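Open the model in a viewer and keep the selection tool at hand. The stops below are taken one after another.

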Amino acid sequence: MEFSEVMARRHSVRSFAPEPVPDAVLKDLLATAVTAPSWSNTQPYQFAIARGDALESLRTELPRRFDRVAELQRAPMLKKALAWATRGGLPDGDFQPVHQYPSDLQPRRAATGYGLYEMLGIDRKDFKARHEQMAENFRFFGAPVTLFLFVHEGLGVYSVLDAGIFLQSLMLAATDRGLGTCAQGALALWRSPLEKHFTIPERYKLLCGISIGYPSDHRINDFQPEKLGVDALTIPERS
């Protein structure tokens, strides 16, 4: 595809077909993505590739943990305090998840969520259905491959910057090969389940996950929220 077409076609896929991604294709995508630029060519990120038994184990464990957190959010304060004290199943990721979006960003976040639920026919007050849809994040939307991306703590925000460039490169390479992707910040909520399957370097922090596979024909994959244009994102000169 032409580059502009790849950019236009890339979007978050939230339903994958069961068809596996061939090893050679995945290897080629990653070989392309690691050519992305980075700070002084340090490439301050690493990734774990979850497939097969490891992926299926995580696909079972993570939704259970998510259900547990949702249950505790509805629990009395004392039970919440005890749970936090024992860390039983609660998030143990390296970065704190966003609890409240900044007021200037919240409207776009809300519009995206409402648009998605509207497409799926989920009412805003149907908390059970919304929970189930959110839980699909932790089932990787049925994807046959999920990468977990880690950043070196030594370069701080610049590690995250370089990881983002790698991530975009990977998503565009996948789109060009007819695959779909979904970058998922939610997959950074728990680190300990990953440590059962991967030897993670000590100074590398879990940033996010990205699910990869062939898109299914589910209507959810037609959802593409409107992006802000150039004018809206350009900082004007002082007059």
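Select S159 first: this serine lies in helix α7, where helices (H or I, at least four residues) and strands (E, at least two) are DSSP runs, numbered from the N terminus. The model is predicted, so local features need pLDDT of at least 70 and side-chain atom pairs count only at pLDDT 80 or more, while totals for chains, interfaces and linings use all residues. Residues are numbered from 1 along each chain as its sequence is written, and side-chain values use heavy atoms, with hydrogens and water left out.

S159 has 0% relative accessibility and therefore counts as buried; buried means under 20% relative accessible area, exposed over 50%, and partly exposed in between, with a 1.4 Å probe and protein chains only. Apart from neighbours within four places in sequence, S159 is in contact with P44, V151 and H152, contact being heavy atoms within 4.5 Å.

Axes are lines fitted to C-alpha atoms, for helices over the stretch in contact, and angles run from 0 to 180 degrees between N-to-C directions. The crossing of α2 past α7 is right-handed; a crossing is right-handed if the near helix is turned clockwise from the far one by less than a right angle, and left-handed if anticlockwise.

Show side chains here: L29, L30, T32 and A33 of α2 meet F166, S169, L170, A173 and A174 of α7. Sorted by class, this α2 contact with α7 has seven nonpolar, two polar and no charged residues. Ala, Val, Leu, Ile, Met, Phe, Trp, Tyr, Cys and Pro count as nonpolar, Asp, Glu, Lys and Arg as charged, and the others, Gly among them, as polar.

Next, select P22, in the loop between α1 (3–9) and α2. P22 is partly exposed, with a relative accessible area of 40%. A distance drawn from its C-alpha atom to that of L170, 148 residues apart along the chain, gives 16 Å.

Go on to the loop between α2 and β1 (45–50), where S40 is found. Phi of S40 is near 50°, positive in a residue other than glycine, and S40 counts as exposed at 64% relative accessibility. N41 lies in the loop between α2 and β1; its phi is near 60°, also a positive value in a residue other than glycine, and its relative accessible area of 58% makes N41 exposed.

Now select helix α3 (residues 52–73). At 1.5 Å a residue its 22 residues should span 32 Å, and the end C-alpha atoms are 32 Å apart, which agrees; the expected span is 1.5 Å times one less than the number of residues. Among the buried residues of α3 are L55, L58, L62, F66 and V69.

The axes of α3 and α6 come within 10 Å and cross at roughly 145°, and α3 passes α6 in a right-handed crossing. F66, D67 and A70 in α3 meet H131, M134 and A135 in α6. That contact of α3 with α6 has four nonpolar, one polar and one charged residues.

Just after α5, G121 takes a positive phi of about 75°.
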